[in-house]
Amino acid sequence: MTDTHVHERDVAVPGGVLHAYDTGPATDPDGRPALPLVWCHGTPNLGAPPAPLLEPARRLGLRFVSYDRPGYGGSTARPDRTVGSAAADVAAVLDALGLDRCAVIGHSGGGPHALACAALLPGRVVAAVSGAGLAPADADGLDWFDGMAASGVASLRAAAAGRAAKEAHERSAPPYDPEFTEADLDALHGPWAWFDEVVGPAAAQGPAPLVDDDLAYVAPWGFDPAAVQVPVLLLHGADDRVVPVAHARWLAAHLPDAELRVVPAAGHIAVLTAADDALRWIADHRPAD
């Protein structure tokens with residue numbers, strides 16, 4: 001799909017390591033150093049950057065950096081982590097690579113983690129994209145579960161009941177049904193078949209990191225979206241049943257500088273067919289210096 005090489009390394013952090021990925025030094029079309037773009041992955045995924053976007057990113061002068069969230073892949077587990085803890089993890093990866101400023105992009109459960117970096121790393125994150133991302137579970141005025149697939153409601157309600165209830169749910173619940181749209185299935189049988197490479201290995205590790213993720217989503221995030229002072233692009237499918245589009249509409253109303261793009265007839269995966277435009281948006285928000 002691309003000739004872009006992904007380098008892997010372990011980054012030491014308190015209590016263990018983060019397994020990180022980096023597409024390496026590159027330049028933008030004007031010969032300047034590439035802008036690092038941190039990928040925040042969904043649930044359950046490994047953290048490898050998205051292969052369908054590597055070549056478009058390279059052409060735009062963007063350098064993908066990413067990592068396995070704690071418990072996934074080669075990263076040490078950290079039970080009871082918060083969404084906001086992603087900021088310190090991303091800072092550690094950037095420091096290890098000798099990088100200063102970056103943009104961030106997240107899909108699905110990665111969306112809140114991208115917003116965490118934007119809120120908690122002021123002066124370091126220059127722009128953020130949340131694709132099909134969740135709003136906070138305590139979002140005022142939002143019926144958080146409305147329009148969500150039944151499997152997702154059951155899973156996240158179990159998380160809201162605490163770790164023991166969530167672990168019991170993972171042991172006994174029927175297979176998760178995301179209620180993907182036809183457009184989602186077409187994407188998964190097309191370029192976004194890449195998800196097979198990151199979902200299967202993550203799921204094979206067992207449910208523990210997924211449990212940690214879901215507990216973090218329904219708990220206080222550790223930051224207020226109103227604290228995000230950089231431009232944010234919200235990209236969401238109109239027919240998403242995993243994370244209903246109302247989540248993006250709530251975020252658009254509560255982030256200080258947000259642009260909402262609702263993709264007609266797209267679901268949770270098919271929304272990524274618009275990700276090339278999101279990369280161009282990021283490139284347009286590259287700082288001048």
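Predicted model: local features only at pLDDT ≥ 70, side-chain atom pairs only at ≥ 80, totals over all residues.

Modeller: I will take α4 and α5, where A154, S155, A158 and A159 in α4 meet A165, K166, H169 and E170 in α5. By class, this contact has four nonpolar, two polar and two charged residues.

Next, the geometry of the pair. The axes of α4 and α5 are 6 Å apart, and the packing angle is about 150°. Because angles over 145 degrees count as roughly antiparallel, α4 is roughly antiparallel to α5. The crossing of α4 past α5 is right-handed.

α4 (150-160) and α5 (163-172) each supply at least two residues of its lining, and so do α7 (195-204) and α8 (208-218). The space in this pocket comes to about 1000 Å³. Its lining has 41 residues, and T43, P44, Y176, P178 and L210 are the closest to the centre. Sorted by class, the lining has 26 nonpolar, 12 polar and three charged residues.

The peptide bond from T43 to P44 is cis, with omega near -15°. P44 sits in the loop between β3 (35-40) and α1 (51-59). A132 is not a glycine, yet its phi is positive, at about 55°.

The axes of α1 and α10 come within 10 Å and cross at roughly 35°, and the crossing is right-handed. From α1, L53, P56 and A57 take part in the contact; from α10, A275, D276 and L279 do. By class, five of these residues are nonpolar, none is polar and one is charged. D276 of α10 is the charged one.

Two residues of that contact, L53 and A275, turn up again in the lining of the largest cavity. Rolling a probe the size of a water molecule over the atoms shows where empty space is left. The count comes to one cavity of 30 Å³ or more, and the volume of the largest cavity is about 70 Å³. Besides L53 and A275, its lining includes W39, I105, G106, H107, V129, G131, L235, V271, L272 and A278. β5 (102-107), β6 (125-131) and α10 (275-284) are the elements that give two or more residues to it. β5 gives the most, with three residues. The lining of this cavity has nine nonpolar, three polar and no charged residues.

Helix α2 (residues 86-97) packs with helix α3 (residues 110-120) at an angle of about 75°, and their axes are 8 Å apart. Since angles of 65 to 115 degrees count as roughly perpendicular, α2 is roughly perpendicular to α3. A86, A87 and V90 of α2 make the contact with H113, A116, C117 and L120 of α3. Six of the contact residues are nonpolar, one is polar and none is charged. The contact of α4 with α5, by comparison, includes two charged residues.

To return to the pair you asked about: α4 and α5 pack at about 150°, and each supplies at least two residues to the lining of the largest pocket.

Note on methods
Residues numbered from 1 in each chain as written. Heavy atoms only, no water. 1 Å grid on protein atoms, 1.4 Å probe; cavity = no way out; pocket = protein on both sides within 12 Å on 5 of 7 lines; lining within 4 Å. Points joined across faces, edges and corners; volume = space filled by probe spheres on them. Helix = DSSP H or I, 4+ residues; strand = E, 2+ residues; numbered from the N terminus. Axes fitted to C-alpha atoms, helices over the stretch in contact; angles between N-to-C directions. Parallel < 35°, antiparallel > 145°, perpendicular 65-115°, else oblique. Left-handed = near helix turned anticlockwise from the far one by under 90°. Contact = heavy atoms within 4.5 Å.
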